[in-house]
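Please look over the sequence and the structure before reading on.

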Amino acid sequence: MKNFIKNTFFLTLFITLYNCSSSNDEPIPVIANPSLTSINPTSGPKETLVSINGEHFGTNVNAIQVFFNDTDATIQTVTETKITAIVPSKAFTGLVKVIVNGTELVGSEFTYIITDILVNSLAGNDTAGDADGSGTSASFKVPKGVAIDKQGNIYVADAFNHRIRKITPSGVVTTLAGSTAGDANGTGTTAQFNRPLGLTVDSQGNVYVAD
C-alpha cells in the first residue's frame, strides 16, 4: 500500500511538473527582415515626394534613414510597407538606399532633374591656353568631358592640353593630373594623357578618365 501511494505521488508530481513546463513553452517570435521592392516616381527635381515600397519597415521613423545618391533625405511618413521621403537638393542621379535598424537596402536609380538653371561663366575665357587660376584668368584648350562631385567641384577633360582640370564652386582652376601628351601613370603632373575625352566621379571622389 505504501509503495502504491509513493508511486502515485511521484506520478502526480511528474505530471504536474510536465504540465507546468509545457505551459511556459511560449513560441519565440520571428522577426522578419525588411525588404525594398520599388520606388515611385523614379525621377524628379529636388523636393519630389518619393514612395519607397517594401515590407517590414516598422513604424519607428527614428530607426530609418533614406539616401538619394548617398545624400541624406528627409523622411515624411513610415508604415510597415511604405516610406515617403523628400528628394534633397543637389542629390543628383544615383541609387536610393534605405537603412532600417542597421540593415541596408538598395533600390533602383533615381534620376535627378535639375530645374534651377542659371548660365554664367565660372572659369575660362575665349583664348585657348593651359593657365590655372581663378575665373576668367584660367584657360582651357578644347575642354570635353565634365563631371561633378558631391562637394560641387567640377572636373574637366581638357583634351588638347592633355590634362584633367578641377574647378571649385568658387571658380578656382587647378590641374589635377596630366601635362604633355603620353601614357605614363603617376601622381599629378607626372601622369600623362593623350587627348582625354570623358570622365566620371564616384561617390568617394575618385575620378575615372576615358583616355
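In which strand is the place of Ser 51? In this predicted model, Ser 51 lies in strand β3, which covers residues 49-55.

**The chain**
- The secondary structure of the chain consists of 1 helix and 16 strands, and of its 211 residues 32% are buried.
- When contacts between residues at least 6 apart in sequence are considered, 40% of them join residues at least 24 apart.

**The pairing of β3**
- Strand β1, made up of residues 35-40, runs antiparallel to β3 and is joined to it by 5 bridges; Asn 40 has Ser 51 of β3 as its bridge partner.
- Strand β7, made up of residues 82-86, also pairs with β3 in the antiparallel sense, over 5 bridges; here the bridge partner of Ser 51 is Thr 84 of β7.

**The surroundings of Ser 51**
- With neighbours within four places in sequence left aside, Ser 51 is in contact with Ser 38, Ile 39, Asn 40, Lys 82, Ile 83 and Thr 84.
- Among these contacts are Asn 40 and Thr 84, and each of the two is linked to Ser 51 by a bridge, Asn 40 from β1 and Thr 84 from β7.
- Ser 51 counts as buried because its relative accessible area is 18%, and buried means under 20%.

Technical notes: Residues are numbered from 1 along each chain as its sequence is written. This is a predicted model: local features need pLDDT of at least 70, side-chain atom pairs count only at pLDDT 80 or more; totals for chains, interfaces and linings use all residues. Side-chain values use heavy atoms; hydrogens and water are left out. Helices (H or I, at least four residues) and strands (E, at least two) are DSSP runs, numbered from the N terminus. Buried means under 20% relative accessible area, exposed over 50%, partly exposed in between (1.4 Å probe, protein chains only). Contact means heavy atoms within 4.5 Å. Two strands pair if DSSP finds at least two bridges between them.
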